[in-house]
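Please read this briefing alongside the sequence and the structure, taking its topics one at a time.

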Amino acid sequence: MARLLAFALLAATTNAQLHRRDAPPAFSKPASTAVDFVDPFIGNGGDSPNGSGGMIPSTAPPFAMTRWVAQTRQNYVSVTPYNYTDTSIHGFQGTHQPAIWMGESGQAIIAPGAGTVRPIFEDRGMSFSHANEVATAGYYSVLLDSIEGGTIHGEQSATSRVGHLRFTFTNTAAPYVLVEATRASVMGSDDPTNVTYPLGAIAIDPAKREISGRNPERQDFIIGPNSAPSFNGYFVARFNKPFESFGTAQNGSVAEGATEGAGALLSAFARFAENTKVVDVRVGVSFISVEQARKNLDAEVPDGTTLEQTVEKTRAAWVEKLDLVQIEGASEDESVMFYTGIFRTLQYPYEQSEDGEYYSGYDDMVHEGESYTGYSIWDTFRAEWAWQILLAPERIPGMVTSMLQDYTEGGWLPMWKNIVETNIMVGTHADSLIAEAVIKGITDFDINTAYAAVHKDATVPPENDWNTSYFDREENVGYEVRAGLSSVYEADGFVASDIHSEAASRTLDYAYDDYALSVLAAALGKSEDSAHFRARAFSAPFTIFNNDTGFMEARNASGAWAGQDAGWTEGDMWAYTFDVVHDVPALIQRRGGNASFVAFLDQHFDGGHNDHTNEPSHHIPYFYSLAGAASKSQSRIREIAKDNYNASVNGLSGNEDCGQMSAWYIFSALGFYPVDPVSAEYVIGTPFFDKVTIALPGAPKPLVITSPGAPFKPYIKSVSVNGRELAQPILTHADIARGGTIEFEMSDAPQAWCSATLAKGEKRYEHVEL
């Protein structure tokens, strides 16, 4: 089925789209078939945030602090800076917007032009054709129609903290480059008229061929408990050609010869000699200072570096990761989907530290250390973190340490950090990330501080817990953390719907986070804590299970049911009734046993209730395997992959959510998924390809997954791990972390393999030494 889908998709793919991944030979070094398959346009096909993936064709290395992208529109919450439906480009933006639902922070914008200087966004757009556009993991190119005649060829690449752009002017007059410091800042998509005007600064140094400045824009400042009062995105743009003339612009008015400016709606520009054909500009960025931005520029893309050399450096960083995974038996489009997925899972969280220091918005100070931001944890704790542990384990200690610094400086672990905490989404799933790292053998961080932070999440309620709703993006409130912990949850096991928003989802999320804490406590020898939080984790979900209806349902403080539509976070009672991933046997029992549970799953899928566009549904197809109906998992997983992923610009249903959508596809294609990530176990689904070989970093041998015929045969007859046949559809982290062989025997018809239910009992918490 998957192979037939792939051929259909390939037939529908236009030559122009294939061309968009074909960079010139000078920008294709080092050679890598895997990197050549990456198509950054996937998931950028429409205006709706959930319509096509919410992604942008950006260039930067893995986990880069700043991603550079052609700017087709002004971005804000639910609007990205590039949209495939647009027909004009207004500049090139160094963006810090980590996901479509988050705001921009301290961006830098470079806009080429010719003739009259046009500082206003709407006036400076130049038309282009997708036929003259190339986007790869490390290089972007577009041919622009200059407003006053001729063309401007824009090219870009980037290192983590430096954007490298090159503009080639053909048949134009008076070439110039504009650097924008501040603009009107839209606060959110619900009310685009809610606009603020950040006050920045800009300076021109003709002798150094530099334009520098700062941009304090942070569209999320109106939410969350921290204001980051001194936050700025600092920049230094250095040109390879002397300035013939220069000036500043403010609110559309040009000041010729001015060398500095301050305030709102502020830009600066440099003109070049009439016969100038090529202008190269490198833009160092920083969250610390202009001087640090200049240091970043000199360190990452020093003077004399060509664009080709920057592309090669950035491409090499992607080659290092993507070449670790080799697939066989995949079509062109399947390869594009798979490697683009890996590309997307290695972008966030992104680096916030520079040269061993970082700006913390929690205490408004600069500290020594390693820091990351852009933590969409409610989404990514499900599978992306597990994938990063496998493919980028060297990053995990720094990412956990960064979260512990947030705890030390701000009082709590992050929930959805975007420079600082934003109080978006529910649950304290950093607890899960830390527990999963420890249980999978990654402990190169301060374990005592980690335990204290996770323990605080589970035991200390937020301020004003009895009278604050914490609805989505609620303003002027403190840390949300586990809202409801003191009001009802701690005593009765559920969050009250008449006190707190999204109460039913919170109840289930808190239960899983308690479970994560119990696992962490057990790993650290804290048996009393482990038993306490384990008991709470296993009892809480069923305090909101309505035996009369068979569904989870929110309750009010009195204990009365709040109604089946109340209390959910981006889901409904169908999705959340299956949200007990740490105690599936108990859930099966509540629903009447295996046969009844499988029928309930059928009702969920056949009734159109499964919504893969949002994360609460991601684990559900794997539940068949845990109820003695593995073949149904196999068929459902293939259907979901077919319906929600393809190699077009519309190739993601929903939005990427910082890599979680792609993580689901990657794990599913391998043949297993971390349904309960803290357990260090994976539920077997159905592999998509004939063979996958992964050179896991630090493992003594590669992990080789063989499944001959899988593209045509979705069903499993048997599975063996290193020659040991599996009787249950479960892989442990120990089975794969040090490499080895997983062998699937596939079939084109449903098989009886794993027809018995998974036995209820203690989980295997295997501490793997990596």
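The points below concern a predicted model, and they are grouped by topic.

**Helix α13**

- Helix α13 runs over residues 503–523, and at 1.5 Å a residue its 21 residues should span 30 Å, a value that agrees with the 30 Å separating its end C-alpha atoms.
- Of the 21 residues of α13, 19 are buried, so the helix is largely enclosed by the rest of the structure; buried here means a relative accessible area under 20%.
- After α13 comes Gly 525, a residue whose phi is positive, near 80°.

- Lys 29 and Pro 30 are joined by a cis peptide bond with an omega of about -5°, and Pro 30 itself belongs to the loop that lies between α2 (15–19) and α3 (33–36).
- A cis peptide bond also leads from Tyr 348 to Pro 349, where omega is near 0°; Pro 349 sits in the loop between α6 (332–345) and β21 (350–351).

- Arg 209 is not a glycine, yet its phi is positive, at about 60°, and the residue is placed in the loop between β12 (200–205) and β13 (210–215).
- With a relative accessible area of 31%, Arg 209 is partly exposed, because that class covers values between the 20% limit for buried and the 50% limit for exposed.
- Asn 722, which is likewise not a glycine, has a positive phi of about 50°, and its position is in the loop between β37 (715–721) and β38 (724–725).
- The relative accessible area of Asn 722 is 47%, and this residue is therefore partly exposed.

**A sheet of three strands**

- Three strands form an open sheet in the order β22-β23-β24, and their pairing is antiparallel.
- The edges of this sheet are β22 (353–354) and β24 (365–368), each of which pairs on one side only.
- Between β22 and β23 (residues 357–360) the antiparallel pairing extends over two bridges, and Glu 354 has Glu 357 in β23 as its bridge partner.

Key: Residues numbered from 1 in each chain as written. Predicted model: local features only at pLDDT ≥ 70, side-chain atom pairs only at ≥ 80, totals over all residues. Heavy atoms only, no water. Helix = DSSP H or I, 4+ residues; strand = E, 2+ residues; numbered from the N terminus. Expected span 1.5 Å × (residues − 1). Buried < 20%, exposed > 50% of the residue type's maximum accessible area, 1.4 Å probe, protein only. Pairing = 2+ DSSP bridges.
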